[in-house]
Amino acid sequence: MDGTRTREVEFRPRNILVTGGCGFIGSNFVHYVHRHHPDVHITVLDKLTYAGNLANIQPLLDDDKQVAFVRGDICDTALLERIVPGHDAIVHFAAESHNDNSIADPRPFVHTNVDGTVALLEAARAANIRFHHVSTDEVFGDLPLDSPERFTESSPYRPSSPYSSTKASSDMLVRAWHRTYGLDVTISNCSNNYGPFQHVEKFIPRQITNLLDGRRPKLYGDGRNVRDWIHTDDHSSAVWTVLTKGMPGETYLVGADGERDNLSVLRAILRAMGRPEDDFDWVRDRPGHDRRYAIDPTKLRTELGWQPRHTDFLAGLTDTIQWYTTHESWWRPDKAATERQYAERGQ
C-alpha cells in the first residue's frame, strides 16, 4: 500500500450526519456503522420520500441511543444550520436515483441532487467539517460491450440521463468547494448495488418480488446491458474506508469485479427461485439505456487497502432473495403502485 496517498493520521469521527439514511444504500451504511463502530453516533437526516423508509432503521432507533433520526429536506438551509454543528462529518447519500423517473420528470432530480448538495456543502463549510459525497459510476456514461476498458478516476464524464447528469453536477460542485474554499471532501463513485432494503422499482428486487407475487419478470431491450454488481455491505465498508482514510479532494471508485449482463442476472434469479430460465417477458427498452458499466477499483484497493468480502455473487443473490421472501410486509405496500407506473411506460 502506498502510504503517500493516505492520511497521515486516520480520521476518527465520533458524530456523523448521514443524509438519505433511510434509503437503500444509506440505511445499509447506518447498519454497517452501528455494527462495526459502536462508539460512533449517527444522526440520520431523511425526507422520507417514497424511496425512504423509516422501517429500514427503526430497530436501531428502538434499541439504543447510537442512532438518532431527523425528518427533513437537505435543501432546508435553516434546518441544516441547526443540526449540522456538532458533527464531525457529513456522509451524503441522499439523492433521487431512479433513471426511469428522471426521464419522466427531471426537475426533482435537479432540486435534490444539485440544490441539496450545494446546501449541504455550505453547511459543512460553515461548520468546518469533513464531507463525503456518495456518487455513481453512471456519471461516466457507458462502455462498449466488447471493450476491455473499465472506468477509472480519470475517466471523462459523459452522463446519459437526467439522473446521471445531476449526479455529475453534484460531483463537480463537491470538487469546486474543495478547490475554492478548501473544504475537506472526498467522493466515491460506486457500481450497481444489490441487497436488502432496495426499493421494488429497481432491477433485482423487481424481478424477485414479481416472482413472489406470481407475476412474470420483465426484461428491458435485448438484456445484454452489463452492470457491475456489488453487495451493499461492501459498498458500506468502502464508504467508511474513504471517509476515514481517503485524501482530501480525492475521488475513489468502488467496485467488486461483478460484471454481469441483465439477462444472466434474471436467469440466475429464475433458477434460484425454481422457475424456467425463459419464464419472463421482454419489454420496451428505456430511452438512452447505457450498455455497459465497469469499475476499476485499483486506487481504492492499493492506496486505502479496501477489499470486498461478498465476492460470490450467486451466494449474495440467494441471500437477497431470501430477504425479500421473508420481508413481504416491507415491500408489499409499494409493489402495486410501482408496477402500475411501469405498465404506463410499457415496461
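Since the model is predicted, local features need pLDDT of at least 70 and side-chain atom pairs count only at pLDDT 80 or more, while totals for chains, interfaces and linings use all residues. Residues are numbered from 1 along each chain as its sequence is written, and side-chain values use heavy atoms, with hydrogens and water left out.

The sheet comes first. Helices (H or I, at least four residues) and strands (E, at least two) are DSSP runs, numbered from the N terminus, and two strands pair if DSSP finds at least two bridges between them. Strands of a sheet pair through backbone hydrogen bonds, either parallel or antiparallel. Here the pairing is parallel, and seven strands line up as an open sheet in the order S3-S2-S1-S4-S5-S6-S10. Strand S3 (67–71) and strand S10 (250–254) sit at the edges with a single partner strand each, so one side of each has no neighbour in the sheet. From one strand to the next, the twist averages 20 degrees; axes are lines fitted to C-alpha atoms, for helices over the stretch in contact, and angles run from 0 to 180 degrees between N-to-C directions.

Two of the strand pairs can be followed in detail. Strand S5 (residues 130–136) runs parallel to strand S6 (residues 185–190), joined by six bridges, and Val134 has Ser188 in S6 as its bridge partner. Strand S2 (residues 41–46) is tied to S3 by five bridges, with Val44 partnered by Phe69 in S3. Together with helix H2 (residues 58–63), S2 and S3 build a right-handed β-α-β unit: with the strands pointing away from the viewer, the path from the first strand over the helix to the second runs clockwise.

What lies across the sheet? Helix H6 (residues 162–181) lies across S5, S6 and S10, at about 155 degrees to S5. Helix H8 (residues 232–245) lies across strand S1 (15–19), strand S4 (89–92), S5, S6 and S10, at about 145 degrees to S5.

Then there is Ala268, found in helix H9 (residues 262–272). Leaving aside residues up to four places away in sequence, Ala268 touches Leu314 and Leu317, where contact means heavy atoms within 4.5 Å.
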